[in-house]
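Thanks, everyone. I'll keep this short. Please have the model open as I talk.

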Amino acid sequence: MAAVLVAACSGSKPKAAHLGAAEPAVAPMATSAPAGRSVAVGAAPEGIVYDPVTKLVAVTVRNPDRLVLLDGTTLKIEKEIRLAGHARHLQLAGPGGPVIVPEENANVLGLVALPGGAVTELPTGKSPHDASAVTGGFVAGDEFGGSITIARTGQPEQTVADLTQPGGVVDFGDTVAVVDVGNFTVSTYQVSDGKRIARAAAGAGPTHGIRTSDGRLIVADTRGNQLLNFTENPLSQLGKQSVPGAPYGMASDPSTPRIWVTLTALNQVVPSAPLSTELLEVVTAEAARL
């Protein structure tokens with residue numbers, strides 16, 4: 001993306017135009033077969049989540065918009081569920097489901113039961129991008145509404161509109177962390193009343209976040225090629241780790257503090273504990289060698 005310079009007053013420095021939301025890198029052509037097994041699931045697969053109870057893998061695809069459920073052992077397609085709109089990111093409400101499906105162009109949050117596939121829809125703001133289960137309900141980030149929608153059992157949906165362009169949404173139980181991809185920040189909110197607790201800078205172009213098993217928040221600064229390590233309460237950055245390759249998608253290991261992150265510019269996935277910068281560089285170099 002080209003940076004456009006805006007003319008400034010005489011004697012002052014020109015300012016670069018806002019870069020906007022970061023996106024995953026345009027991946028190079030693959031030069032080797034991917035690790036493990038591959039299976040065709042449909043057009044434009046993006047969101048993916050695994051349920052350890054039903055042993056099902058859920059994947060979003062398009063044309064038509066649907067959620068594909070696969071056997072996690074054999075990768076056989078077990079069921080396909082039609083959706084009201086397309087979805088890019090998935091989360092699991094808990095072991096056994098349901099799968100949380102933000103259907104962006106339908107402005108609804110789909111809750112898909114496992115293993116049967118029954119769908120319950122909750123209304124959201126404009127273009128729900130990511131969503132998470134929280135204490136007593138769900139929180140969706142309305143990317144082009146500049147808001148989050150809080151849906152709690154037995155209560156009307158609440159809209160909190162103090163964001164520029166919410167992206168990743170991370171559950172911390174009674175609170176939720178939201179990555180603002182338009183303002184390059186991460187904010188925490190109280191689920192019970194929607195009040196913002198704190199806000200912190202989050203690099204040069206953050207996209208998504210994830211909670212580690214020991215309760216920390218890791219944010220992928222995709223444009224900045226780094227992982228940012230935060231405490232949740234109080235919201236405070238502990239450190240950062242250089243991860244060349246436009247880090248984007250992340251998964252957490254429930255039994256250790258390790259996470260896995262996709263390097264979209266390199267066609268790789270690498271582990272982090274999160275590790276020290278030096279050790280992570282060794283792991284990345286080893287992944288490149290393999």
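In what sense do strand β17 and strand β18 pair, and over how many bridges? Strand β17 (residues 185–190) and strand β18 (residues 196–201) pair in the antiparallel sense, over 5 bridges. Pairing here needs at least two DSSP bridges between the strands. Tyr 189 has Arg 196 in β18 as its bridge partner. The β17 and β18 hairpin has 5 residues between the strands, and there Gly 194 takes a positive phi near 80 degrees.

Ground rules next. This is a predicted model, where local features need pLDDT of at least 70 and side-chain atom pairs count only at pLDDT 80 or more, while totals for chains, interfaces and linings use all residues. Residues are numbered from 1 along each chain as its sequence is written, and side-chain values use heavy atoms, leaving out hydrogens and water.

Now the whole chain. Its secondary structure comes to 1 helix and 25 strands. Both are DSSP runs numbered from the N terminus: helices are H or I, at least four residues, and strands are E, at least two. Of the 290 residues, 47% count as buried, meaning under 20% relative accessible area with a 1.4 Å probe, protein chains only.

On to the cores. A nonpolar core is a set of buried Ala, Val, Leu, Ile, Met, Phe, Trp, Tyr and Cys residues joined through side-chain atoms within 4.5 Å. The largest has 15 residues, and Ala 177, Val 186, Leu 217, Val 219, Phe 230 and Leu 235 touch the most other members. Strands β15 (166–172), β16 (175–180), β18, β20 (217–221) and β21 (226–231) each supply at least two residues of this core. Another core, of 13 residues, lies apart from it, and includes Ala 58 and Leu 90.

Now Thr 207. It sits in strand β19 (residues 206–211). Is Thr 207 buried or exposed? Thr 207 is buried, because its relative accessible area is 3%. Its side chain makes a polar contact of 2.7 Å with that of Thr 222. A polar contact is a pair of N or O atoms within 3.5 Å; within protein, one must be able to donate a hydrogen and the other to accept it, and residues adjacent in sequence count only if both atoms are side-chain atoms.

Thr 207 is among the residues that line the largest cavity, as are Glu 23, Arg 88, His 129 and Glu 143. A cavity is a set of points on a 1 Å grid over the protein atoms alone where a 1.4 Å probe fits but cannot get out; lining residues have an atom within 4 Å of a point.

Methods:
Buried < 20%, exposed > 50% of the residue type's maximum accessible area, 1.4 Å probe, protein only. 1 Å grid on protein atoms, 1.4 Å probe; cavity = no way out; pocket = protein on both sides within 12 Å on 5 of 7 lines; lining within 4 Å.
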